[in-house]
Amino acid sequence: MALHELTIAEARAQLDRGEITSVQLTEALLERISAVEPTLHSYLTQTPELALQQAQAADERIKAGNASSLTGIPLGIKDVIVTKDVRTTCGSKVLENWVPPYDATVVSKLNEAGTVTLGKLNMDEFAMGSSNENSAFGGTRNPWDTERVPGGSSGGSAAAVAAGQAFGTLGTDTGGSIRQPAALCGIVGLKPTYGRVSRYGLVAFASSLDQCGPFARTVEDVALLLETIAGHDPKDSTSANLPVPDYRASLTGDIRGLKVGVPSEYFVEGMEPGVEKAVRTAIEQIKDLGAEIVEVSLPHTKYALPVYYIIAPAECSTNLARFDGVRYGVRLEGKGLFDEIESTRGQLFGAEVRRRIMLGTYALSSGYYDAYYRRAQQVRTLIRRDFQEVWSKVDLLAAPTSPTVAFKIGEKTDDPVAMYLSDVCTLPINLAGVPGLVVPCGFSDNLPTGLQLIGKPFDEATLLRVGHAYEQNNSWYKQHPSL
């Protein structure tokens with residue numbers, strides 16, 4: 001097996017046995033990036049010098065006997081997460097050359113663990129998109145079929161893992177931006193419970209929805225990453241002050257007696273038959289492993305799409321008001337201050353960002369606030385209550401992640417509504433603030449599909465337990481795209 005095809009757990013074992021060094025691992029990943037990056041464009045910024053410095057330090061730490069579970073492991077970071085002295089663009093021309101003076105909390109935690117940073121990963125501009133085509137610097141391609149999208153907005157993070165350009169990556173999920181690309185690229189992705197992982201240093205899109213989470217090849221690898229980045233952060237007022245469990249301890253392989261709900265509303269009209277077949281087959285396998293399958297209903301799910309596309313743009317409109325070229329980022333010249341602000345925002349924000357800002361500003365404007373934004377928040381409460389009620393019947397839910405496999409590049413760029421429908425199975429989870437895990441569950445038309453497991457608040461352990469049990473009884477995670 002080539003080094004870039006190792007899982008994190010496999011690489012960890014070889015490092016601990018002294019069979020390989022972090023420098024050798026890092027060099028292998030850098031070679032892999034050089035080989036496939038011209039085709040995929042997963043990275044916006046590469047940091048080879050920093051990576052080799054960190055790898056050398058990791059090797060010294062391993063020799064000294066004080067390595068953590070991730071010491072010496074090469075990873076990539078989505079470019080919406082700030083990194084000290086490393087360019088952070090958010091996939092936007094507005095921040096094309098911005099170099100942050102501090103690290104996000106999740107990055108600080110990875111640095112403390114002794115990981116190796118390979119670079120910053122491509123994304124839809126300010127995390128707004130479902131295909132990675134909204135990146136101001138050109139989109140990422142799907143490693144399984146380079147004529148197709150990898151999903152979004154964390155498309156670069158997902159493609160990098162699938163293609164062996166990183167052993168694991170961090171992404172962000174506002175409406176499905178970890179889970180949907182994980183499904184489309186055939187890897188594992190986790191959106192933690194809102195508040196489980198600090199958002200300090202995560203450039204905000206929609207503050208009540210955004211959450212940072214990991215990508216990796218296996219559920220065990222995702223558990224390793226989550227253990228490292230999770231936990232309370234006094235710098236983030238939305239961070240939950242709860243202990244972090246030993247997630248790997250939950251990977252027992254035994255799921256007998258668990259009740260798994262299957263919500264009918266998630267098998268939406270227009271879902272590709274191959275996707276539905278793969279998901280339902282996976283659910284039957286979970287039943288064969290000893291879980292009880294229960295049909296359930298989440299009746300307000302049908303409102304999630306319009307609710308999300310009122311609340312998220314409203315919060316986006318507020319958060320992106322700071323990008324005016326006055327304090328940081330690119331600034332275009334004009335006849336006066338307001339002309340400069342108008343030029344900077346009008347010319348440097350992409351079409352999708354401008355669209356969402358306008359939608360959000362309209363929803364928050366006088367005369368429309370009650371009719372749109374307030375009503376959307378009220379319906380959001382009903383969606384959250386659906387989940388609260390179903391937890392009295394089941395331990396977790398199983399559902400599709402995306403109604404389709406990866407679609408062709410350019411197929412939906414002229415139809416924003418069709419693009420928004422790509423997230424119809426993932427949006428409710430963000431609105432409710434609950435965790436969601438995606439594991440590969442087969443192929444349709446030779447393209448990956450993903451099973452979505454949805455859990456109770458702060459019960460990522462059960463999701464990982466079920467996902468791991470399913471994964472270990474299949475070989476999907478062992479398959480690699482041909483590049």
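1. A nonpolar surface patch of about 330 Å² is formed by Val326, Leu337 and Phe338. Patches of this kind take residues with over 30% relative accessible area and no salt bridge, nonpolar side chains (Val, Leu, Ile, Met, Phe, Trp, Tyr) being joined within 5 Å and like charges within 9 Å, where a salt bridge is a side-chain nitrogen of Lys or Arg within 4 Å of a carboxyl oxygen of Asp or Glu.

2. The model is predicted, with local features needing pLDDT of at least 70 and side-chain atom pairs pLDDT 80 or more, while totals for chains, interfaces and linings use all residues. Residues are numbered from 1 along each chain as its sequence is written, and side-chain values use heavy atoms, leaving out hydrogens and water.

3. Valine 326 lies in the loop between helix H9 (304-319) and helix H10 (337-348), and with a relative accessible area of 40% this valine is partly exposed (buried means under 20%, exposed over 50%, partly exposed in between, with a 1.4 Å probe and protein chains only).

4. In helix H1 (residues 8-17), the buried residues are Ile8, Ala11, Arg12, Gln14 and Leu15. Because they cover an arc of only 165° around the axis, they fall on the same side of H1, the arc being that of the directions from the helix axis to the C-beta atoms.

5. Strand S7 (residues 259-263) is mostly covered, with 4 of its 5 residues buried. S7 runs parallel to strand S8 (residues 292-296), joined by 5 bridges (pairing requires at least two bridges found by DSSP), and proline 263 stands opposite valine 296 in S8.

Methods: Areas by Shrake-Rupley, 256 points an atom, 1.4 Å probe, with all protein chains shown as cover. Helix = DSSP H or I, 4+ residues; strand = E, 2+ residues; numbered from the N terminus.
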